[in-house]
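I opened the file to look up charged side chains and how they pair. My notes follow.

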Amino acid sequence: MLQGVEMSKRDPDRPDFEPTPVHTPVLASAVVEHLAGPEPERERGWIVDLTLGAGGHAARLLEAMPSARLLGTDQDPEVLEHARRRLLPFGQRARVRRARMSSLEDVLHAEGIDRVAAILIDLGVSSLQLDSAARGFSFQEDGPLDMRMDPDRERTAADVVNRWDESDLADLFYYEGGETRARKIARAIVASRRRAPFLRTLALADLIENTVGQRGRTHPATKVFQALRRAVNQEAEELDAALELADRWLVDRGRLGVISFHSGEDGAVKRFIARGAEQGRWRPLTRRPLRADRDEVRSNPRARSASLRVAERLRLERDVGRTRP
Ligand SMILES: C[S@@+](CC[C@H](N)C(=O)[O-])C[C@H]1O[C@@H](n2cnc3c(N)ncnc32)[C@H](O)[C@@H]1O
């Protein structure tokens, strides 16, 4: 979900002389270890990164697999510009395209890719999105209540907050955010929006804080903001589509790695792999999700809640119905 940001040294040659944000991809060594060779197909085949972000994982994978090529996609055009620059040194080996996970199949066809050796899905929001107040993901800085990763989506967080009825809001905060005070917060939102709609992130964050108070070190709006982001970007549906895609497109012994930051997401991935394993189509390579060690969390606190699951697709003769279209 959240990627660490370091500020690179200022480059005085740049006309705007601004620091460039650099991502620290989470669990990057484990991703490389599990997705890279030694299978020849994985060494020389196509890797697809469905959540390219700033291209941190993609660069690490391309470095580790000098004969592989990578297709990196993301739904956010702003973020993709960072990836494009980051992957320039890899020349023709890296292709960067804009797509939602649920429409990736069209991109694979358009690119003439028919065999995929490894797929990486690093879920959630990138720092580039979170740290830009104008995108509306943050409750720390004021911005429009937006939260769309793909700016072409119609529904914003403000639409959800101002239009959903109280019980739907409460369910969303509870099921998608794990917020136990969901009903109280939903009631307060509905009472407040009768006077004026919510348009800014801080107005919503302040209302939540005033309604439930501060408990512990996490901001009281954290879970509601996560739930809103998941609804606006239809994250559960997108993940289901991405897992189905992996099932259809991965070659025999092709590998899938999924990094999640939310117990609901991790549960969905776990169930998907378990179901596939029962049918003999998937082999889990991580019985328990891999977590960042203390050193990584120290240098990148945003890695704290990351879990990585990896599984291998096994293609069987009776599996013909589930191959790519
Ligand atoms: C955690 S960041 C990925 C960071 C990346 N692995 C890196 O090393 O820089 C998640 C990215 O996935 C993208 N994303 C999330 N859901 C998506 C979806 N359904 N389709 C396409 N991109 C998506 C977001 O726009 C964001 O840039």
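**Salt bridges**

I found Glu 176, Arg 229, Arg 230, Glu 235 and Glu 265 linked in a network of salt bridges (a salt bridge is a side-chain nitrogen of Lys or Arg within 4 Å of a carboxyl oxygen of Asp or Glu). The model is predicted, so I kept its limits in view: local features need pLDDT of at least 70, side-chain atom pairs count only at pLDDT 80 or more, and totals for chains, interfaces and linings use all residues. Residues are numbered from 1 along each chain as its sequence is written, and side-chain values use heavy atoms, without hydrogens and water.

I looked up Glu 235 and Arg 229, whose side chains meet in a salt bridge at 2.8 Å, N to O. Glu 235 is buried at a relative accessible area of 10% (buried means under 20%, exposed over 50%, partly exposed in between, with a 1.4 Å probe and protein chains only). Arg 229 is also buried, at 6%.

I searched the whole structure and got 29 salt bridges.

I then checked Arg 255 and Glu 312, which form a salt bridge at 2.8 Å, N to O. This pair links distant parts of the chain, 57 residues apart: Arg 255 lies in strand 7 (residues 250–260) and Glu 312 in strand 10 (residues 307–313). Strands here are DSSP runs (E, at least two residues), and helices are runs of H or I with at least four, numbered from the N terminus. Arg 255 counts as buried at 11% relative accessibility, and Glu 312 at 0%.
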